[in-house]
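Visitor: Please show me the model, and then let us go through its contacts one at a time.

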Amino acid sequence: MALVTTKEMLLKAQEGKYAVGAFNVENMEMVMAVIEAAQELNSPVIMQTTPSTVKYAGLDYYLANVSAAAKEASVPVAIHLDHGSSFDLAMQALRKGYTSIMIDGSHSIFEENIDITKRVVDACKASLIPVEAELGKVGGKEDDLDGGCGGYTDPEEAKIFVEKTNVDSLAVAIGTAHGVYCGVPKLDLDRLSEIRKVVDIPLVLHGASGLSEEAIKESIKRGISKVNFATELRIAYTEGVKNYLKENPDAIDPKKYGSVAMEKVKEIVKSRMEMCGSINKA
């Protein structure tokens with residue numbers, strides 16, 4: 001089927017009390033691995049690219065890869081700009097055909113975050129493309145994104161933010177971090193529950209790579225409808241390549257080690273879809 005937006009996908013997840021996994025894809029092999037997992041589990045899926053990924057190959061290449069996968073798939077597939085770093089980049093993704101856009105104004109002050117988010121929402125409205133924003137800062141470092149120590153989302157600010165921007169989904173900061181965790185993350189789940197009470201749109205959890213199954217499931221139970229995974233997919237892919245080349249040092253065919261890496265990524269994606277509760281929700 002053709003690419004779909006995340007609008008109906010996330011509203012359905014919110015109503016059904018499960019979440020849709022959103023997976024950052026870095027190359028063709030990752031796209032293939034993610035779509036195979038989604039097909040086998042009959043799960044809706046979101047594929048994402050960050051600004052640094054886009055800088056590496058361009059919006060067209062990633063859109064073409066995901067579009068080709070979606071065309072042959074029997075499950076809903078969306079392509080999402082993750083952590084859109086500027087209004088211009090968000091508009092480029094919109095014009096190219098991305099079916100979901102994130103504008104990340106969380107590094108700015110509250111009023112500026114509202115302003116840039118509303119501008120993107122208004123610009124995407126005519127095309128019916130949903131917009132995700134972030135309030136509070138998810139800490140850690142991934143790609144060129146540096147969230148520092150992070151900063152928690154204030155429930156009352158979240159309520160005001162959603163009312164003023166009319167954004168479609170909101171990424172909240174409750175103690176998660178991008179990249180690899182140095183210790184066991186401590187999530188402020190009570191804060192998440194308070195945000196859920198005053199915000200009625202789908203909520204998004206960033207920095208889920210490395211979180212326990214229990215933490216992810218409890219977050220979904222308390223209102224998360226989209227869960228982002230990136231770092232652990234990169235780790236799985238890279239380990240697959242490294243292990244193959246270690247065992248086959250004379251290998252020169254990228255398809256050989258690419259296939260092994262794909263299987264590693266596919267295993268991770270399937271396990272995360274199970275945690276999200278999205279199996280047979282396509």
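Visitor: Is aspartate 60 buried, partly exposed or exposed?
Guide: This is a predicted model, in which local features need pLDDT of at least 70, side-chain atom pairs count only at pLDDT 80 or more, and totals for chains, interfaces and linings use all residues. Residues are numbered from 1 along each chain as its sequence is written, and side-chain values use heavy atoms, with hydrogens and water left out. Buried means under 20% relative accessible area and exposed over 50%, with partly exposed in between (1.4 Å probe, protein chains only). Aspartate 60 has 42% relative accessibility, so its class is partly exposed.

Visitor: Which residue meets the side chain of aspartate 60 in a salt bridge?
Guide: A salt bridge is a side-chain nitrogen of Lys or Arg within 4 Å of a carboxyl oxygen of Asp or Glu. Here the N to O distance is 3.2 Å, and the partner of aspartate 60 is lysine 96.

Visitor: How many residues apart in sequence are the parts that aspartate 60 and lysine 96 tie together?
Guide: Helices (H or I, at least four residues) and strands (E, at least two) are DSSP runs, numbered from the N terminus. Aspartate 60 lies in helix H4 (residues 59–71) and lysine 96 in helix H5 (residues 87–96), so the separation of the parts they tie together is 36 residues.

Visitor: How many residues apart in sequence are the parts tied together by arginine 234 and glutamate 26?
Guide: The side chains of arginine 234 and glutamate 26 form a salt bridge at 3.0 Å, N to O. Arginine 234 belongs to helix H10 (residues 231–247), and glutamate 26 to the loop between strand E1 (20–24) and H2, so the pair ties together parts whose separation is 208 residues.

Visitor: Which helix holds both glutamate 163 and lysine 159?
Guide: Glutamate 163 and lysine 159 form a salt bridge, with their closest N and O atoms 2.9 Å apart. The two are 4 residues apart, about one turn of the helix, and both lie in helix H7.

Visitor: At roughly what angle do the axes of H6 and H7 cross?
Guide: Two packed helices are described by the angle between their axes and the distance between the axes. Axes are lines fitted to C-alpha atoms, for helices over the stretch in contact, and angles run from 0 to 180 degrees between N-to-C directions. The axes of H6 (residues 110–125) and H7 (residues 155–165) come within 9 Å, and they cross at roughly 35°.

Visitor: Which residues of H8 meet H7?
Guide: The axes of H7 and helix H8 (residues 189–198) come within 9 Å and cross at roughly 35°. Contact means heavy atoms within 4.5 Å. From H7, the residues Pro155, Glu156, Ala158 and Lys159 take part, and those they meet in H8 are Arg191, Glu194, Ile195 and Val198.

Visitor: How many salt bridges does a search of the whole structure find?
Guide: Some share partners, and in this way Glu36, Glu40, Lys266 and Lys270 are joined into one network. Over the whole structure, the search finds 17.
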